[in-house]
Amino acid sequence: MLLSRFPRTRLAHLPTPLEFAPRLTAALGGPDIWIKRDDCTGLGTGGNKTRKLEFLVGEALAQGADTLVTQGAVQSNHVRQTAAAAAKVGLACEVLLERRVPGTPHDYERTGNVLLDRLFGATIHVLDSAPADMNAEAERHGETLRARGRKPYVIPGGGSNPTGALGYVLCAFEIVAQANDLGLVVDRIVHGTGSTGTQAGLLAGLAATSAPIPLLGVSVRRPRAPQEDAVHALTLATLDKLGVTAGCAREHVVVDDRFVGPGYGQPTPEMVEALRLAARTEGLLFDPVYSGKALAGLVALCREGAFRKGETIIFIHTGGQASLPAYEAVLAAE
Ligand SMILES: *Cc1c(COP(=O)(O)O)cnc(C)c1O
């Protein structure tokens, strides 16, 4: 499976470490938990979007673009990593930020990822009322720039299209190689799922390498059925881009939606507990919007007895720590 035929710009520190988490494993008393450290991809505090951006920025440069345009929620990690990538390769960056989370503190639009977006020199447009289709809004913004003679390359929210998903196809290969090196028989991979590119890329990569490791996506936004359908559609489109004939059956796409809480970006007591647990057993930082809710899912599944003792779980740490200061009010107690 040759991915070198697709344009790619190196942005990430790869391979990311795959580390055993002994004290978290002991605290949960069930499966052996290994953490795939995609929070350590290196670019602008790291995270999962950097893998996708290697292929997206590669394509942008191949097309002669001068500006990256993308969109996300105010505290978007994807926007922050896109702004950092643009700075690194010398492109301009324009971002649309959606006020997606109700009841946020006064400094939510200044601190965390937004502060970093500014440091990376991105032009920020905060939308007063969120349009129904943020990707269409980003495309319209691209058209406006084009009419002014610029050469925009528009990246969908979360970098989730078949090009971006190639980053997680490679991650699946990386995990399989590391498991082979370590002699690990992996029973399940668990991670947070939002804009779907991470799960779709992993599913496509595992299908392409005939490594049938069950994958569980913990939803941070949508209910189970529409999230599974969206992941499945992108998995098939990614396999198509790769020219792989091995399909991905709909039943292989599995999402658990019980840990979203009141909504995207809104804290839950389980998330806060999971953040503290990882911090105090492993010195690891998770984030309130994505990886923390995914970890809350893993903690609950362990307590429910969803895994046998001695099973091997790889939990993908997708990053997101940069938003922690925006959630100071929720996390500061104790
Ligand atoms: C975007 C993001 C996710 C979800 O990945 P998708 O590819 O959008 O499904 C998970 N964790 C973090 C920290 C993220 O920023």
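This is a predicted model: local features need pLDDT of at least 70, side-chain atom pairs count only at pLDDT 80 or more; totals for chains, interfaces and linings use all residues.
Residues are numbered from 1 along each chain as its sequence is written, and side-chain values use heavy atoms, with hydrogens and water left out.

So, how many aromatic pairs does the structure hold? There are 4, where a pair means rings of Phe, Tyr or Trp (its six-membered ring) with centres within 6.5 Å; planes under 30 degrees apart are stacked, over 60 edge-to-face, and the rest tilted.

Let's take Phe20 and Trp34, among them: the ring centres are 5.3 Å apart and the planes sit at 50°, so this pair is tilted. Phe20 belongs to strand 1 (residues 18-20) and Trp34 to strand 2 (residues 32-37), 14 residues apart; strands here are DSSP runs of E, at least two residues, and helices are H or I runs of at least four, numbered from the N terminus. Trp34 is buried at 14% relative accessibility, while Phe20 is partly exposed at 35% (buried is under 20%, exposed over 50%, partly exposed in between, with a 1.4 Å probe and protein chains only).

Next, Tyr108 and Tyr327: with centres 5.7 Å apart and planes at 80°, the pair is edge-to-face. Tyr108 lies in the loop between strand 4 (92-98) and helix 4 (113-119), and Tyr327 in the loop between strand 10 (312-317) and helix 11 (328-331), so the pair ties together parts 219 residues apart in sequence. Tyr108 is buried at 5%, and Tyr327 is buried at 4%.

Finally, Arg100 lies over the face of Tyr264, 4.5 Å from the ring centre (NZ of Lys or CZ of Arg within 6 Å of the centre and within 35 degrees of the ring normal).
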